[in-house]
Amino acid sequence: MATIKDIAERVGVSQATVSRVLNYDRELSVNPKTRRQIFEAAEQLNYTKHNRKSTLKPKKIALVQWYDDSEELEDLFYLSISLSIEKKVNESNCDLFKTVLTSELTLPNDTEGIIALGKFTDQQVEQLKLYQLPLIFVDDDQTGNHCSSVTIDVDLSVKQVVEFAKQSGHDTIGIISGEETARYSGELLEDKRLTAFKHYARLNNYPLTFIHTCPFTVEGGYQAMDALLKQSAEETLPSFLFCSSDAIAIGVLKALTEHHISVPEQISIMGFNDSSVSKYTIPSLSSVKVYTDYLGIEAVLFLLTHMTESNPVPVKLVLGTTIVERETTRGC
């Protein structure tokens, strides 16, 4: 595991600066370039090394992202996948063209395949299909639109979270879910973690009394929990709280600390994604580990196969997850 010292040495800043950036210290003033370098270093230093070079003929691959650079830094999930895709494309002796989805998307004429990273509406999928190129979606199941994808098993992941809470002895559980809209269309997107959470909470006889939503950002998590704590007493909190992303969980932790509610003594917190900053929060964040490096690797390999072999039907590759226990969870 990379240390704060390792990250500081790579970026050329102090260890204190790295620690404050990774903990999303709102009072720290640091330029966006340095902030991004710190997050990228934290991600890259944790990657498994894959040194074998591909002998495939160089090809041009387009990576179409729904997050821009600033949005990636608010929730490192997509930044991590993007870096993994870029790394695997380079190892495969291919050229990568990165762009953000817009209503007037234009790809280079020599593009031979597309990786679409993020959440896309039916209209946006049709926009990408107009290029008539091999197309792979990452973190977005587009089987219904006759497109192949690489995703994670969200349903099973949340099932494991609820079972973890039950086995740990928690009698009340809750969720702060993420809310987001599709780029430029404004269409509200479903948080599948929330849907699965409601289902498995009912199956395990948990009352659904603590369900709230906020943006998938640190600030969103902070504002949501801060407002909830100002509105009601801490006794109304569940003993176990699941957050739909690590970013939300980090914001929740900040609000709880400011309100002098101890974690995990008074409430256990679990995030989702296990981003590189999870191990650096205070206390360190328990989370559902999504293997973002392998999401990127498999997406590139999947696309290269599609580019060389005709695929008559859409194929969905589903990756599993694991729970990583750290300091924010405990048994009752």
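**Ground rules**

Residues are numbered from 1 along each chain as its sequence is written, and side-chain values use heavy atoms, with hydrogens and water left out. Since the model is predicted, local features need pLDDT of at least 70 and side-chain atom pairs count only at pLDDT 80 or more, while totals for chains, interfaces and linings use all residues.

**Confidence**

The mean pLDDT (the predictor's confidence in each residue, from 0 to 100) is 89 for the protein, and 95% of its residues reach 70 or more. Residues 48–56 are another matter: pLDDT stays under 50 there, and the model has 18 contacts beyond four places in sequence for this stretch. Contact here means heavy atoms within 4.5 Å. Where pLDDT is low, the predicted coordinates should not be read in detail.

**The sheet**

Let's start with the strands. Helices (H or I, at least four residues) and strands (E, at least two) are DSSP runs, numbered from the N terminus. An open sheet is built from 6 strands in the order 2-1-3-4-5-12, with parallel pairing; two strands pair if DSSP finds at least two bridges between them. Strand 2 (95–100) and strand 12 (316–319) are the edge strands, each pairing on one side only. From one strand to the next, the twist averages 20°.

How many bridges join strand 5 to strand 12? There are 4 between strand 5 (residues 148–152) and strand 12, and the two run parallel. Thr151, for instance, has Val318 in strand 12 as its bridge partner.

**Helices 5 and 11**

Two helices lie across strands of this protein. Helix 5 lies across strand 1 (60–65), strand 2, strand 3 (113–117) and strand 4 (135–138), and runs at about 155° to strand 2. Helix 11 lies across strand 1, strand 3, strand 4, strand 5 and strand 12, and runs at about 165° to strand 5.

Helix 5 (residues 76–91) and helix 11 (residues 292–308) also pack on each other, at an angle of about 45° with their axes 8 Å apart. Axes are lines fitted to C-alpha atoms, for helices over the stretch in contact, and angles run from 0 to 180 degrees between N-to-C directions. That angle makes helix 5 oblique to helix 11; under 35 degrees counts as roughly parallel, over 145 as roughly antiparallel, 65 to 115 as roughly perpendicular and the rest as oblique. On the helix 5 side, the contact includes Phe77, Ile81 and Ile85, and on the helix 11 side it includes Leu295, Ile297 and Val300. By class, the residues of this contact divide into 8 nonpolar, 4 polar and 2 charged. Ala, Val, Leu, Ile, Met, Phe, Trp, Tyr, Cys and Pro count as nonpolar, Asp, Glu, Lys and Arg as charged, and the others, Gly among them, as polar.

The axes of helix 1 (residues 4–11) and helix 3 come within 9 Å and cross at roughly 130°, so helix 1 and helix 3 are oblique to each other.

Helix 2 (residues 15–22) packs on helix 3 at an angle of about 85°, with the axes 10 Å apart, which makes helix 2 roughly perpendicular to helix 3. Thr17, Val18, Val21 and Leu22 of helix 2 touch Arg35, Ile38, Phe39 and Ala42 of helix 3. The classes in this contact are 6 nonpolar, 1 polar and 1 charged.

**Backbone details**

| Cis bond | Omega | Where the proline lies |
|---|---|---|
| Val263 to Pro264 | about 10° | loop between helix 10 (246–258) and strand 10 (268–273) |
| Ile282 to Pro283 | near -5° | loop between strand 10 and strand 11 (286–290) |

Asn205 is worth a look too: its phi is near 60°, a positive value in a residue other than glycine. Asn205 is found in the loop between helix 8 (192–203) and strand 8 (211–215).
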